[in-house]
Amino acid sequence: LRAPSAAQPVDDRSTAVEPIVLQKAAHCSDDFPGVTEAERCHSLLWYVQEQANILVDLAASPDLPEPKRWQRCSFLTAKLREMSSIKTSCSSAARTPTCWPAMEDDFLEFYGWLEGLLVDRGC
């Protein structure tokens with residue numbers, strides 16, 4: 001996962017993004033668009049990358065005053081839950097023959113960074 005080359009301010013509308021809730025599926029990418037498992041895995045990887053970019057931009061933005069700060073914390077907490085769901089679903093080797101190996105290292109680094117971001121922001 002790569003951060004954008006230049007951090008852009010995050011539009012406050014990003015706090016309204018609803019996290020994806022994964023359903024119990026045979027493969028971790030089953031809830032994502034695509035006909036084949038490889039296409040769905042690509043969609044999952046793209047989605048995680050897109051969310052990482054949003055969160056990096058958010059992390060680069062200045063702290064907000066109290067009411068908006070808690071909105072941001074709520075958004076970050078929801079994103080952590082969403083990424084936790086992806087991690088749980090995808091890290092089971094029996095359910096993810098192709099997707100998890102392609103994303104494991106970068107995803108775990110991103111996931112650890114996201115956990116730290118919540119701590120740094122006092123969430």
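pLDDT is the predictor's confidence in each residue, on a scale from 0 to 100.

**Exercise 1. Confidence**

Find the average pLDDT of the protein chain, and find what the score is over residues 1–24.

Solution. Step one: the average pLDDT of the protein chain is 78, and 74% of the residues reach at least 70. Step two: residues 1–24 have a pLDDT below 50, although the model gives this stretch 41 contacts beyond near neighbours in sequence. Step three: where pLDDT is low, predicted coordinates should not be read in detail.

**Exercise 2. The overall pattern**

State how many helices and strands the protein chain has, and in what pattern they follow along the sequence.

Solution. Step one: counting gives three helices and zero strands. Step two: reading along the sequence gives α-α-α. Step three: for the contacts, take pairs of residues at least 6 apart in sequence; 72% of these contacts join residues at least 24 apart. Step four: 35% of the 123 residues count as buried. Step five: the accessible surface of the chain is about 7100 Å², with 56% of that belonging to carbon and sulfur atoms.

**Exercise 3. Helix α3**

Describe the span and bend of α3, and identify what its buried residues pack against.

Solution. Step one: α3 covers residues 99–120, which is 22 residues. From first C-alpha to last, α3 reaches 30 Å, close to the 32 Å expected at 1.5 Å a residue. Step two: α3 bends by about 45° at Asp 105. Step three: the buried residues of α3 include Trp 100, Met 103, Phe 107, Tyr 111 and Leu 114. Step four: the buried residues of α3 pack against α1 (37–60) and α2 (66–90). Step five: just after α3, Gly 122 has a positive phi of about 70°.

**Exercise 4. Helix α1 and Ser 43**

Solution. Step two: among the buried residues of α1 are Arg 40, Ser 43, Leu 44, Val 48 and Leu 58; their cover includes α2 and α3. Step four: leaving aside neighbours within four places in sequence, Ser 43 is in contact with Phe 32 and Pro 33.

**Exercise 5. Cys 90**

**Exercise 6. The nonpolar core**

Find how many residues the largest nonpolar core has, and which helix gives the most to it.

Solution. Step one: the largest nonpolar core has 24 residues. Leu 44, Val 48, Met 83, Ile 86, Met 103, Phe 107 and Leu 114 have the most contacts inside it. Step two: each of α1, α2 and α3 supplies at least two residues of this core. Step three: α3 gives the most, with nine residues. Step four: in soluble globular proteins, nonpolar side chains tend to be buried together.

How values were computed:
Residues are numbered from 1 along each chain as its sequence is written. This is a predicted model: local features need pLDDT of at least 70, side-chain atom pairs count only at pLDDT 80 or more; totals for chains, interfaces and linings use all residues. Side-chain values use heavy atoms; hydrogens and water are left out. Helices (H or I, at least four residues) and strands (E, at least two) are DSSP runs, numbered from the N terminus. The expected span of a helix is 1.5 Å times one less than its number of residues. The bend at a residue is the angle between axes fitted to the seven residues ending there and the seven starting there. Buried means under 20% relative accessible area, exposed over 50%, partly exposed in between (1.4 Å probe, protein chains only). Contact means heavy atoms within 4.5 Å. A nonpolar core is a set of buried Ala, Val, Leu, Ile, Met, Phe, Trp, Tyr and Cys residues joined through side-chain atoms within 4.5 Å. Accessible areas come from the Shrake-Rupley method with a 1.4 Å probe; for residues, only the protein chains shown count as cover.
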